[in-house]
Amino acid sequence: MAKVKCNICNKEIATWLYMPSGDCYCDNCVPRGCSCNVYSFTEFPLEKEENRNYIYWNSDLTKYTKELTTDSVYYEIVDEKYRRFPCCEYDYDENGFDENEFEN
(Lines give C-alpha, C1' and ligand atoms only; values in the text may rest on other atoms or scores of the structure.)
Protein backbone atom coordinates (compact mmCIF):
# COMPACT_ATOMS: atom_id res chain seq x y z
CA MET A 1 0.00 0.00 0.00
CA ALA A 2 1.39 3.41 -0.98
CA LYS A 3 1.95 5.90 1.83
CA VAL A 4 1.25 9.62 1.84
CA LYS A 5 4.38 11.80 1.68
CA CYS A 6 4.99 14.92 3.77
CA ASN A 7 3.41 18.06 2.29
CA ILE A 8 6.51 20.09 3.22
CA CYS A 9 9.59 18.04 2.22
CA ASN A 10 7.78 15.56 -0.05
CA LYS A 11 10.47 12.99 0.86
CA GLU A 12 9.48 11.32 4.10
CA ILE A 13 6.35 9.32 4.87
CA ALA A 14 3.76 11.50 6.62
CA THR A 15 3.12 10.31 10.16
CA TRP A 16 1.21 13.41 11.32
CA LEU A 17 -2.14 14.56 9.95
CA TYR A 18 -3.56 17.99 10.74
CA MET A 19 -7.21 16.98 10.96
CA PRO A 20 -8.87 20.36 10.22
CA SER A 21 -7.11 20.76 6.85
CA GLY A 22 -5.95 17.27 5.91
CA ASP A 23 -2.33 18.44 5.60
CA CYS A 24 0.24 15.72 6.24
CA TYR A 25 3.69 16.05 7.81
CA CYS A 26 6.67 13.86 8.54
CA ASP A 27 8.14 13.82 12.04
CA ASN A 28 10.80 16.38 11.06
CA CYS A 29 8.46 18.91 9.40
CA VAL A 30 5.42 18.88 11.70
CA PRO A 31 4.93 22.19 13.57
CA ARG A 32 5.68 21.51 17.23
CA GLY A 33 4.57 23.17 20.42
CA CYS A 34 1.11 24.30 21.43
CA SER A 35 -0.46 25.65 24.59
CA CYS A 36 -2.94 22.76 24.55
CA ASN A 37 -0.10 20.50 25.73
CA VAL A 38 1.02 22.75 28.61
CA TYR A 39 -0.46 22.06 32.05
CA SER A 40 -0.60 24.18 35.18
CA PHE A 41 0.58 22.46 38.37
CA THR A 42 -2.32 24.03 40.29
CA GLU A 43 -5.01 22.77 37.90
CA PHE A 44 -3.41 19.46 36.91
CA PRO A 45 -1.07 18.14 39.61
CA LEU A 46 1.86 16.31 38.07
CA GLU A 47 1.84 12.56 38.44
CA LYS A 48 5.04 11.61 36.65
CA GLU A 49 4.88 8.47 34.58
CA GLU A 50 7.84 6.20 33.97
CA ASN A 51 9.44 6.38 30.52
CA ARG A 52 8.03 9.86 29.88
CA ASN A 53 10.01 13.04 29.46
CA TYR A 54 8.87 16.40 30.79
CA ILE A 55 9.85 20.03 30.48
CA TYR A 56 8.98 22.65 33.06
CA TRP A 57 7.93 26.19 32.18
CA ASN A 58 8.24 29.45 34.10
CA SER A 59 5.20 31.62 34.87
CA ASP A 60 5.16 33.58 31.59
CA LEU A 61 5.99 30.56 29.40
CA THR A 62 9.17 32.12 28.05
CA LYS A 63 11.72 29.70 29.47
CA TYR A 64 11.71 25.98 30.16
CA THR A 65 14.08 23.51 31.76
CA LYS A 66 14.35 19.73 31.84
CA GLU A 67 14.50 19.82 35.63
CA LEU A 68 11.80 20.93 38.02
CA THR A 69 12.79 24.21 39.71
CA THR A 70 11.26 26.69 42.12
CA ASP A 71 10.33 28.82 39.08
CA SER A 72 8.35 25.99 37.46
CA VAL A 73 4.66 26.81 37.13
CA TYR A 74 3.70 24.64 34.16
CA TYR A 75 4.79 21.30 32.75
CA GLU A 76 4.62 19.62 29.37
CA ILE A 77 5.16 16.03 28.24
CA VAL A 78 7.73 15.81 25.42
CA ASP A 79 8.99 13.01 23.19
CA GLU A 80 12.11 10.87 23.66
CA LYS A 81 14.24 13.58 21.99
CA TYR A 82 12.74 16.28 24.24
CA ARG A 83 10.84 17.75 21.30
CA ARG A 84 7.45 19.29 21.97
CA PHE A 85 4.40 17.59 20.53
CA PRO A 86 2.19 19.23 17.89
CA CYS A 87 -1.22 20.64 18.71
CA CYS A 88 -3.88 18.16 19.83
CA GLU A 89 -5.58 18.67 16.45
CA TYR A 90 -2.92 16.44 14.86
CA ASP A 91 -3.42 12.71 14.48
CA TYR A 92 -0.38 10.42 14.57
CA ASP A 93 0.25 7.07 12.91
CA GLU A 94 3.76 5.68 13.33
CA ASN A 95 3.33 3.65 10.13
CA GLY A 96 2.13 6.61 8.08
CA PHE A 97 -1.15 7.11 6.28
CA ASP A 98 -2.27 5.06 3.28
CA GLU A 99 -2.91 7.08 0.12
CA ASN A 100 -6.29 5.38 -0.36
CA GLU A 101 -7.48 6.96 2.92
CA PHE A 102 -7.37 10.34 1.15
CA GLU A 103 -9.12 9.41 -2.10
CA ASN A 104 -12.49 11.01 -2.75
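A residue is called partly exposed when its relative accessible area lies between the buried range, under 20%, and the exposed range, over 50%. With that in mind, and remembering that this is a predicted model, begin the tour at Arg 32, which is partly exposed because its relative accessible area is 25%.

**Arg 32 and its partners**

Select Arg 32 together with Asp 27, and you will find their side chains meeting in a salt bridge, with N to O at 2.9 Å; Asp 27 is likewise partly exposed, at 26% relative accessible area. Asp 79 counts as buried, at 7% relative accessibility. Finally, bring in Arg 83, which is linked with Asp 27, Arg 32 and Asp 79 in a network of salt bridges.

**From Lys 3 to Asp 98**

The structure holds seven salt bridges, and another of them joins the side chains of Lys 3 and Asp 98 at 2.9 Å, N to O. Here too distant parts of the chain are linked, with Lys 3 in the segment before E1 and Asp 98 in the segment after strand E7 (90-92), 95 residues apart. Lys 3 is partly exposed, with a relative accessible area of 25%.

**The cysteines**

How many disulfides does the structure hold? There are zero: the closest cysteine sulfur to that of Cys 6 is in Cys 29, 3.9 Å away, which is too far for a bond because a disulfide requires sulfur atoms within 2.5 Å. Cys 9 is in no disulfide either, the nearest cysteine sulfur being that of Cys 6, at 3.9 Å. Cys 6 counts as buried, at 1% relative accessibility, whereas Cys 9 is partly exposed, at 25%.

**Aromatic rings**

Move on to Tyr 39, Phe 41, Phe 44, Tyr 54, Tyr 56 and Tyr 75, which form one aromatic cluster. Then select Tyr 82, where Lys 66 lies over the face of the ring, at 4.3 Å from the ring centre.

Terms used: Residues are numbered from 1 along each chain as its sequence is written. This is a predicted model: local features need pLDDT of at least 70, side-chain atom pairs count only at pLDDT 80 or more; totals for chains, interfaces and linings use all residues. Side-chain values use heavy atoms; hydrogens and water are left out. Buried means under 20% relative accessible area, exposed over 50%, partly exposed in between (1.4 Å probe, protein chains only). Rings of Phe, Tyr and Trp (its six-membered ring) pair if their centres lie within 6.5 Å; planes under 30 degrees apart count as stacked, over 60 as edge-to-face and the rest as tilted. A charge sits over a ring if NZ of Lys or CZ of Arg is within 6 Å of the ring centre and within 35 degrees of the ring normal. A salt bridge is a side-chain nitrogen of Lys or Arg within 4 Å of a carboxyl oxygen of Asp or Glu. Helices (H or I, at least four residues) and strands (E, at least two) are DSSP runs, numbered from the N terminus.
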